[in-house]
Amino acid sequence: MTKLKIVAFSLVFLSMMAFMKDDTKDFPVMKGTDLSGKNISLPLDAHGKFALIGMVRSMKAEQDMISWIEPTYASLAGNGFFQVKMYFIPMTGGIEGVSVETVKRKLKEAMDSSLYKFVMIYTGPVQDYVSKLGMKDKDLPYLFVVDPRGKVTYMESGKYTAQKLEAITDKLAE
């Protein structure tokens, strides 16, 4: 009789799970190049690992994203506990009046060449990404935790705070 109860409970639980809303969404495919010229396709290039993807589409948002780079890199890169790929994406197709070459030059001047692999330049249209990812305010940076299946499991926006980074690392540790 106990086996029957376990089987019945399992069937009910699995049926409920099948109809529950999945709050995650796919990270839309995005192609670009890193600062060294290497082609990148996200989320595929995360190679089945978690990815932390930071995206900006204005110069103001880019300034706020800079506040994230050092503490995020210090917390995640080289930390054996977190197996995460990181990408910073200035969506140059959405930054009015700014040339791609100017953005690349300024980024290269501002960072060590060992960090070039973490920057993906995207030059295409931005509106599909804005609507699919819920990036409503063009003047905010957005950070997305993407799981190994390519699903967005967490989103953060705005300037860096220790609490926001802690929420991201908690999500990566799940």
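Ring pairs link Phe27, Tyr142 and Phe144 into a cluster, where rings of Phe, Tyr and Trp (its six-membered ring) are taken to pair if their centres lie within 6.5 Å, with planes under 30 degrees apart counted as stacked, over 60 as edge-to-face and the rest as tilted. The structure is a predicted model, in which local features need pLDDT of at least 70 and side-chain atom pairs count only at pLDDT 80 or more, while totals for chains, interfaces and linings use all residues. Residues are numbered from 1 along each chain as its sequence is written, and side-chain values use heavy atoms, with hydrogens and water left out.

A search of the whole structure finds 6 aromatic pairs. Tyrosine 142 and phenylalanine 144 form a stacked pair, with 6.4 Å centre to centre and 15° between the planes. Tyrosine 142 is buried at 5% relative accessibility, and phenylalanine 144 is buried with a relative accessible area of 0%.

Strand β7 (residues 142-146) is mostly covered, 5 of its 5 residues being buried. In a regular strand the side chains alternate between the two faces of the sheet. In β7 both faces are covered, with Tyr142, Phe144 and Val146 buried on one side and Leu143 and Val145 on the other. Strand β4 (residues 50-56) runs antiparallel to β7 and is joined to it by 5 bridges, two strands being paired if DSSP finds at least two bridges between them. Within β7, phenylalanine 144 is the bridge partner of isoleucine 53. Strand β8 (residues 151-157) also pairs with β7 in the antiparallel sense, over 5 bridges, and in β8 the bridge partner of valine 145 is tyrosine 154. The hairpin formed by β7 and β8 has 4 residues between the strands, and glycine 150 in the turn has a positive phi of about 90°.

Lysine 171, found in helix α5 (residues 162-173), is partly exposed at 22% relative accessibility. Leaving aside neighbours within four places in sequence, lysine 171 is in contact (heavy atoms within 4.5 Å) with Val145, Thr153 and Tyr154. The C-alpha atoms of lysine 171 and tyrosine 154 are separated by 7.1 Å, although these residues are 17 residues apart along the chain.

The second largest pocket has a volume of about 250 Å³. On a 1 Å grid over the protein atoms alone, a pocket is an open set of points where a 1.4 Å probe fits, with protein on both sides within 12 Å along at least five of seven lines, and lining residues have an atom within 4 Å of a point. Its volume is the space filled by probe spheres set on the points, which are joined across faces, edges and corners. Among the residues that line the second largest pocket are Asp34, His47 and Phe118, and strand β5 (residues 84-90) gives the largest share of this lining, 4 residues.

Note on methods. Buried < 20%, exposed > 50% of the residue type's maximum accessible area, 1.4 Å probe, protein only. Helix = DSSP H or I, 4+ residues; strand = E, 2+ residues; numbered from the N terminus.
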